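Have the model open as you read.

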Amino acid sequence: MALSDESLSAPLSVRAREVRRASVAEFEQIYRAEFRAVWAFLYRLGARNATIDDLTHDVFVTAYARFSTFDRTRPAKAWLRGIAWRLFADYRRLHYHRHEVDAERGEHVPVSEPSPDERIAARQAREMIDEALGALDDDKRAVFVMHEFDGLSVPEIAAAMEAPAPTTSSRLRLAREAFTAALERVRRRRGLS
């Protein structure tokens, strides 16, 4: 937002309101652009049912509260994933004993409906991926999901998780290995190997 000479001579409270309005508009734009992606990220981390909606809401409430300190040179995507990861990790620590099964996947419905066989195959593939992701510990799972599903780079993930890049890179390598092994176990158990 560019301030004109006229706005510079306005009382401080008027300028502050203008800056706040611009900030709110910028946040709303980020919210609209990233809401579904944050929801999907939390789902891939393991959030289900009402918890996923609550956590998604909490991500944006937290982000809004911290928006004045957000570094605009960083991508909002990575910043929001970092907030989501920390909130989900806190939730898991507090509610580790609860396990919910989700009947709805919250995915986009394609324009042309797939055949029943295609829907069954897609559901089974999602279930196998979810099960394999469930075998990863929280840190590795977050790094893996951010990189493989959300397309974030290692430096972006390291910044989002407030971890050193070499640690993040190592977690990603270990997560890939663990995911591959877990997926193979799931495939064997289902008689698909």
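Helix H5 (residues 116–134) packs against H6 at an angle of about 140°, and their axes are 10 Å apart. This is a predicted model. Angles over 145 degrees would count as roughly antiparallel. H5 and H6 are therefore oblique to each other.

Which residues make the contact between H5 and H6? From H5 come Ile129, Leu133 and Gly134. From H6 come Arg141, Phe144, Val145 and Phe149. By class, five residues in this contact are nonpolar, one is polar and one is charged.

Now follow Val145. Val145 sits in helix H6, which spans residues 138–149. Is Val145 buried or exposed? Its relative accessibility is 0%, so Val145 counts as buried. Beyond its neighbours within four places in sequence, Val145 is in contact with Phe41, Arg44, Leu45, Leu133 and Asp150. Ala40 is 105 residues from Val145 in sequence, yet their C-alpha atoms are 9.9 Å apart in space.

Side chains of opposite charge can pair when their charged atoms come close. The side chains of Asp150 and Arg44 meet in a salt bridge, at 3.5 Å from N to O. Asp150 lies in the loop between H6 and helix H7 (154–161), and Arg44 lies in helix H2, so this pair ties together parts that are 106 residues apart in sequence. Asp150 counts as buried, at 8% relative accessibility. Arg44 counts as partly exposed, at 22%.

How many salt bridges does the structure hold? There are 15. Another of them joins Arg72 and Glu26, with the closest N and O atoms 2.9 Å apart. Arg72 is in the loop between helix H3 (49–66) and helix H4 (76–94), while Glu26 is in helix H2 (residues 12–45), so the pair ties together parts that are 46 residues apart in sequence. Arg72 is partly exposed, with a relative accessible area of 41%. Glu26 is also partly exposed, at 30% relative accessibility.

Return to H5 for the last pair. Arg190 forms a salt bridge with Glu127, and the closest N and O atoms are 3.8 Å apart. Arg190 is in the segment after helix H8 (165–189) and Glu127 is in helix H5, 63 residues apart. Arg190 is partly exposed, with a relative accessible area of 35%. Glu127 counts as partly exposed at 25%. A network of salt bridges links Arg123, Glu127, Glu131, Arg189 and Arg190.

Key:
Residues are numbered from 1 along each chain as its sequence is written. This is a predicted model: local features need pLDDT of at least 70, side-chain atom pairs count only at pLDDT 80 or more; totals for chains, interfaces and linings use all residues. Side-chain values use heavy atoms; hydrogens and water are left out. Helices (H or I, at least four residues) and strands (E, at least two) are DSSP runs, numbered from the N terminus. Buried means under 20% relative accessible area, exposed over 50%, partly exposed in between (1.4 Å probe, protein chains only). Contact means heavy atoms within 4.5 Å. Axes are lines fitted to C-alpha atoms, for helices over the stretch in contact, and angles run from 0 to 180 degrees between N-to-C directions. Angles under 35 degrees count as roughly parallel, over 145 as roughly antiparallel, 65 to 115 as roughly perpendicular and the rest as oblique. Ala, Val, Leu, Ile, Met, Phe, Trp, Tyr, Cys and Pro count as nonpolar, Asp, Glu, Lys and Arg as charged, and the others, Gly among them, as polar. A salt bridge is a side-chain nitrogen of Lys or Arg within 4 Å of a carboxyl oxygen of Asp or Glu.
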